[in-house]
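Please keep the sequence and the model in view while reading.

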Amino acid sequence: MEKVKPPKHDPDNRPDWDSYFFNIAQVVSQRSTCPSRAVGAVIVDSETMGILSTGYNGSPKGTEHCTISCLTREPGSDFRKCRAVHAELNAILHAAHNGSKTKNSTMYLTTTPCVFCARTIINSGIKEVRAMTKYHHEDAIDLLSEGGVRTVIISPVELRHLLKVWQK
């Protein structure tokens, strides 16, 4: 059997920071237990570019997965019935649990947040949200702006080194 050599690493072709963190957010989203939408979040220290925390949407720790006991099954249909903890909130909670400060940090998301998560992002001190797609909650983007959080939506087409993790 012939051994296959891995492709040679090209240090001059490294991914830019946005591609790097969006790739990580995509991989994190694959841990989601939500049957209707997989979302990933990465909180980054804006000065050091180090990862402070990650999060994905899914059922609360120690409870049944959403695939077993989801009460809505329709994306964005009725948040009062949704038992999942959103990716943004999970990332903020993990940062707090681990003693990482989120003040003046950047959050990378696979999609823009809902209004509830926008409120939480504002109060956590995160200063910038970078997302790959726009969720249907326009109010959330307005709220982030009003709360002093810059929101940037970067199309995956613009990211030169984005992994193709969604292709089968």
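This is a predicted model: local features need pLDDT of at least 70, side-chain atom pairs count only at pLDDT 80 or more; totals for chains, interfaces and linings use all residues.

## Salt bridges across the chain

A salt bridge is here a side-chain nitrogen of Lys or Arg within 4 Å of a carboxyl oxygen of Asp or Glu. Glu128 is buried, with a relative accessible area of 15%, whereas Arg150 counts as exposed at 51% relative accessibility.

Asp18 forms a further salt bridge with Arg130, where the closest N and O atoms are 2.8 Å apart. Asp18 lies in helix H1 and Arg130 in strand S4 (residues 128-131), so the pair ties together parts that are 112 residues apart in sequence. Both partners count as buried because their relative accessibility is under 20%: the value is 16% for Asp18 and 13% for Arg130.

Glu138 and Lys134 also meet through their side chains in a salt bridge, at 2.8 Å from N to O. Glu138 is partly exposed at 37% relative accessibility, and Lys134 is partly exposed at 46%. Salt bridges with shared partners join Asp18, Glu128, Arg130 and Arg150 into one network.

## Overall architecture

The protein contains five helices and five strands. From the N terminus on, these elements follow the order α-β-β-α-α-β-α-β-α-β.

Of the 168 residues of the protein, 43% count as buried. Among contacts between residues at least 6 apart in sequence, 58% join residues at least 24 apart. The protein exposes about 10,400 Å², of which carbon and sulfur atoms supply 52%.

## The hairpin of S1 and S2

Strand S1 (residues 40-44) pairs with strand S2 (residues 51-56) in the antiparallel sense, over five bridges. Within this pairing, Val42 has Thr54 in S2 as its bridge partner. Six residues stand between the strands of the hairpin, in which Met49 takes a positive phi near 65°.

## A nonpolar surface patch

Trp17, Tyr20 and Ile51 form a nonpolar patch on the surface, and together they have about 310 Å² of accessible area. Trp17 is found in helix H1 (residues 17-29), and at 47% relative accessibility Trp17 counts as partly exposed.

Technical notes:
Residues are numbered from 1 along each chain as its sequence is written. Side-chain values use heavy atoms; hydrogens and water are left out. Patches are made of residues with over 30% relative accessible area and no salt bridge: like charges are joined within 9 Å, nonpolar side chains (Val, Leu, Ile, Met, Phe, Trp, Tyr) within 5 Å. Accessible areas come from the Shrake-Rupley method with a 1.4 Å probe; for residues, only the protein chains shown count as cover. Helices (H or I, at least four residues) and strands (E, at least two) are DSSP runs, numbered from the N terminus. Buried means under 20% relative accessible area, exposed over 50%, partly exposed in between (1.4 Å probe, protein chains only). Two strands pair if DSSP finds at least two bridges between them. Contact means heavy atoms within 4.5 Å.
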